[in-house]
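Please examine the sequence and the structure before reading on.

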Amino acid sequence: MIQRPPALEKLLEILRSLPNVGPKMSERIAFHILRMPEDKIRDFIDILEASHAEVRPCPICGHWDDSSPCRVCQDPSRDKTVLCVVENSQDVQAVSRIKNFKGIYHVLGGTLSPLEGIGPDDLQITSLLKRLETEPIQEVILATNSDMEGESTAQYISKQILSVSAKIRGNGRPEGIKITRPAQGLPSGGELEYMDELTLTHAFDGRREFDRN
Ligand SMILES: [Zn+2]
């Protein structure tokens, strides 16, 4: 076995720490980087630094953007009464392709996962409930994935919203908050960000009142 240069070894190690990058893929990327011309690698490093420094989660909805609050939260043409709850910022991008949806978002930052030790406090659930109390939201679309974690997260959040909903009614708001879920037809275990526009549009148009049982 021939020893690798320590710098290359470190590069491979950091590449392997990226999602879905195994040993083979890490080598392919590493050698691609090594072969890059000087000016290209400079650009690459600059872009990495700039995006890491400039793009941050929005303090209101959690969507990653370079303005704070994010562009969506600042957009006056958005329907502030319909809020779409998604797992991550990539899902915001996916849902934004749906022409009929002009509401606002809330990014959870993942799903409940007892196996991975992710509980309610690790997700942006408290901030979601706060928003329901302070913003004129009438409908919450629970657009978490249709896999097991996504379903149980939707169940959990819907129960939490019910209790907040009762509190809001006590504050003089006449209606409870409507909770909906995109229609069946989302591929089981399918991830929102990989769905095409048409399927997404159908799923959203056909969304129905969330079954809490
Ligand atoms: Zn925002």
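**A residue in a loop**

Two residues are in contact when heavy atoms of theirs lie within 4.5 Å. The model discussed here is predicted.

Thr-111 is located in the loop that runs between strand S4 (104-107) and helix H6 (126-134). Its relative accessibility is 14%, and because buried means under 20%, Thr-111 counts as buried. When neighbours within four places in sequence are left aside, Thr-111 is in contact with Glu-87, Ile-118, Leu-123, Glu-149, Gly-150 and Thr-153.

**Salt bridges**

Seven salt bridges are present in the structure. One of them joins the side chains of Arg-4 and Glu-27, with a distance of 2.6 Å from N to O. This pair links distant parts of the chain, 23 residues apart: Arg-4 belongs to the segment before helix H1 (6-16), and Glu-27 to helix H2 (residues 23-34). Arg-4 is partly exposed at 30% relative accessibility, and Glu-27 is partly exposed at 31%.

Asp-66 and Arg-71 also form a salt bridge, their closest N and O atoms being 2.2 Å apart. Asp-66 is partly exposed at 45%, whereas Arg-71 is exposed at 51%. A network of salt bridges links Asp-65, Asp-66 and Arg-71. In the salt bridge between Arg-131 and Glu-135, the closest N and O atoms are 2.9 Å apart; both Arg-131 and Glu-135 are buried.

**A patch of negative charge**

On the surface, Glu-38, Asp-39, Asp-43, Asp-46 and Glu-49 gather in a patch of negative charge. Among them, Asp-46 has its place in helix H3 (residues 38-54). With a relative accessibility of 41%, Asp-46 counts as partly exposed.

How values were computed:
Residues numbered from 1 in each chain as written. Predicted model: local features only at pLDDT ≥ 70, side-chain atom pairs only at ≥ 80, totals over all residues. Heavy atoms only, no water. Patch = residues over 30% accessible without salt bridge, like charges linked within 9 Å, V, L, I, M, F, W, Y side chains within 5 Å. Areas by Shrake-Rupley, 256 points an atom, 1.4 Å probe, with all protein chains shown as cover. Salt bridge = Lys/Arg side-chain N within 4 Å of Asp/Glu carboxyl O. Lys, Arg positive; Asp, Glu negative; His and termini not counted. Charge placed at Lys NZ, Arg CZ, Asp CG, Glu CD. Helix = DSSP H or I, 4+ residues; strand = E, 2+ residues; numbered from the N terminus. Buried < 20%, exposed > 50% of the residue type's maximum accessible area, 1.4 Å probe, protein only.
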